Amino acid sequence: SRQRPPEGEAETERVFKARKRHSSTMGKQQVGMRLKEVVYTLSPFEQNVMAGLFKDIPHKVMHHLKQNVLFDAIPFCVLPIAGIGWFCSDYIEKEKQHHRY
Amino acid sequence: MRANKKAFLTSFPFLSDLVSKTSSGSGILPRPMEILLSQKDKGYDLLSNEDRIQMERKELAKRFVKAENLYDPKHLEDRPSTGSKRLSVLNQPGLSIVTDHLIDYPAPVNINYFWSFGSLAGICLGVQIATGIFLAMHYTPHIDLAFLSVEHIMRDVEGGWLLRYLHANGASMFFIMVYIHIFRGLYYASYVSPREAVWCIGVVILLLMILTAFIGYVLPWGQMSFWGATVITSLASAIPIAGDSIVTWLWGGFSVDNATLNRFFSLHYLFPFIIAGASIVHIAALHQYGSNNPLGLDASVDKMSFYPYCFVKDLVAWVSFGIFFSVFVYFAPNFLGHPDNYIPANPMSTPAHIVPEWYFLWVYAILRSIPNKLGGVAAILAVFVCLLALPWLQTSEVRSSLFRPIHKKLFWLLLADCLILGWIGMKPVETPYVEVGQIASVYFFVHFLVFTPILGRLEAKYLRNLGKA
């Protein structure tokens, strides 16, 4: 029959699991540098799925727009494309007018 | 109370089996969730919900306290590759690769949906290989029969229309996913050390994809197929001395003809498997040091197992991709194609405008922007050399564009430049398209060869001054 997990330091040592990076060895022994990380497994009792996703949406959207769109994407991507498109179509139109009569 | 009840029940031998079989926990969690979490292996199945929550809170608190001792080897333990004994088959030597790279692979916790485009590209490769194998069962690689065999597939073969449209639009989807994947790498500087190999293998995969797609487009033997093949293969004649011999060798004759079609069919069947092998090497190179993350910082201190978290995230991306793909396949299957390719190839009639498929237009624009043939070929080669050299051109100590305001703006300029090049590629060779194409081509090289090296130092100076102000 199963027993309760041990308390105290022994329990901490048992439950604290940091994984050696198997992928970095790829079957061979890694020499020198050893990379360490902590891997968590979250309990479903401790989480709501997508918690806080729809909270304060207008602020989140505005923040994202200001960070990426307003001062970066629009002036450095959208405007150059639109400007060059306008310039070329305007040039072609003027050439057509020039050759018309 | 419940724990006591269970302890009482399990003291009877025959009942203990019943209890363990009916629920491996307290019966609160649905069974699939319990299997996922391996509560039985942790020995938590005897606890009540409240006890379990308390236990896990303590664990998390202790882990947080222990974080300062992270580099103390005493706290590192080897653990079995997967916690659950039910998956022990995956710990066998041959299958442990699945465990290490698809289940237990430690992924950064803060990766966003731009990290799903790699797996999406893999899905597209799978779709192309699967549909391609079935198409090849009905296709005939002969100049008199190829076009008709494609029509036979479309009209007579059961589901042939779907196979054809999946394959044709699948190629476009493959390139969309790969281009977004590449631009993600550019934005977050995923190509920087120690992931140079990942980037370089990726560029090789892009080259293989371009070759495969070009060869595949010839197979329907429409007007664009024939004349596109003629234009692009003729570029090899620009090579000094041996150019003409190389072109004759490529064609298998003195023009694009039956021999060319046959060998293109054979190569088009072969290359996707080379791409698949290269993709495996690409993933292996990535897993050597782990994935990048949007912050560009070392993510070792906070990672999660690939399964189930990244798997579920990718599943959302795959379903969304499926919807996007289906819109093209079922509602606009010829939107991304050229209507001239529904005319059988005629060597005696040249189309007014020979244009490749949309995913080649940016390269085509760079090629055409240089009046000299050899210069154009050299420019295309230079594009891939710039891409390959990018990890060593980068001088910034900061990785992600989130913390590099100038690089962020130049990234958007590069994106605009590539879109403009793509647009110019489909336009006729006349003013003002020629001049705009030339400026855009020059900017492409200036971005990689001038801005990228200089920017590292410039941004460091700018941010230091910003800090002082």
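**Reading aromatic pairs**

Mentor: Across all chains, this structure holds 32 aromatic pairs. Keep in mind that the model is predicted.

Trainee: What describes a pair of aromatic rings?

Mentor: A pair is described by the distance of the ring centres and the angle of the planes. The centres of the B:Phe183 and B:Phe411 rings are 5.9 Å apart, with the planes at 75°. Planes over 60 degrees apart count as edge-to-face, so this pair is edge-to-face.

Trainee: Where in chain B do B:Phe183 and B:Phe411 lie?

Mentor: B:Phe183 belongs to helix 9 (residues 160-187) and B:Phe411 to helix 17 (residues 405-425). They are 228 residues apart, so the pair links distant parts of the chain.

Trainee: How do B:Trp423 and B:Tyr433 pair, and where are they?

Mentor: They form an edge-to-face pair, 5.7 Å centre to centre with 80° between the planes. B:Trp423 is in helix 17 and B:Tyr433 in helix 18 (residues 433-468) of chain B, 10 residues apart. B:Trp423 is partly exposed at 24% relative accessible area, whereas B:Tyr433 is buried at 10%.

Trainee: Which residues do ring pairs link into a cluster?

Mentor: Among them are B:Phe175, B:Tyr179, B:Trp358 and B:Phe448.

Trainee: Which residues lie over the face of a ring?

Mentor: Two cases to look at: B:Arg184 lies over the face of B:Trp115, 4.6 Å from the ring centre, and B:Lys313 lies over that of B:Tyr113, at 4.5 Å from the ring centre.

Note on methods:
Residues numbered from 1 in each chain as written. Chains lettered and ligands numbered in written order. Predicted model: local features only at pLDDT ≥ 70, side-chain atom pairs only at ≥ 80, totals over all residues. Heavy atoms only, no water. Phe/Tyr/Trp six-rings, centres within 6.5 Å; stacked < 30°, edge-to-face > 60°. Helix = DSSP H or I, 4+ residues; strand = E, 2+ residues; numbered from the N terminus. Buried < 20%, exposed > 50% of the residue type's maximum accessible area, 1.4 Å probe, protein only. Lys NZ or Arg CZ within 6 Å of the ring centre and 35° of its normal.
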